[in-house]
Amino acid sequence: MLVAGHLRLDPAGHRVRAGDAEVALGPTEYRLLKFLMENQERVFARGQLLDQVWGRNVYVEERTVDVHIRRLRKALEPFACDSLVQTVRGSGYRFSTRPE
């Protein structure tokens, strides 16, 4: 179980909960959140996220990461958890419970 504040990700059950509510995520957003939560406080460039979440043998544009980060934040927003996925200007993205 990965826990950050009131956000919980259950890898065995493949579910994400914020408090008592279930967070509906697509498969890519789920994998992205899982990877970021497993590596909290570390900053990852788009290319690193593509390799880790999409896989090395898949060709997609780096800006695809931005689209999925936006979708992930939108899904987390009703639960006030969108600020956990942070943009690090000029570097990439990180998952952090500390304010930006």
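Which residue in the hairpin of E2 and E3 takes a positive phi? That's His14, with phi near 55°, in a hairpin that has four residues between the strands.

A quick word on the source: this is a predicted model, where local features need pLDDT of at least 70, side-chain atom pairs count only at pLDDT 80 or more, and totals for chains, interfaces and linings use all residues. Residues are numbered from 1 along each chain as its sequence is written, and side-chain values use heavy atoms, with hydrogens and water left out.

Now the sheet. It's open, with four strands in the order E1-E2-E3-E4 and antiparallel pairing. Strands E1 (2–4) and E4 (21–22) sit at the edges with a single partner strand each, so one side of each has no neighbour in the sheet. Strands (E, at least two residues) and helices (H or I, at least four) are DSSP runs, numbered from the N terminus, and two strands pair if DSSP finds at least two bridges between them.

| Pair | Sense | Bridges |
|---|---|---|
| E1 and E2 | antiparallel | three |
| E2 and E3 | antiparallel | four |

Over in E3, Arg17 is the bridge partner of Arg8. The hairpin of E1 and E2 has two residues between the strands, and there Gly5 takes a positive phi near 65°.

In a regular strand, side chains alternate between the two faces of the sheet. E2 has Leu7 and Leu9 on its covered face, with Arg8 and Asp10 on the uncovered one.

Key:
Buried < 20%, exposed > 50% of the residue type's maximum accessible area, 1.4 Å probe, protein only.
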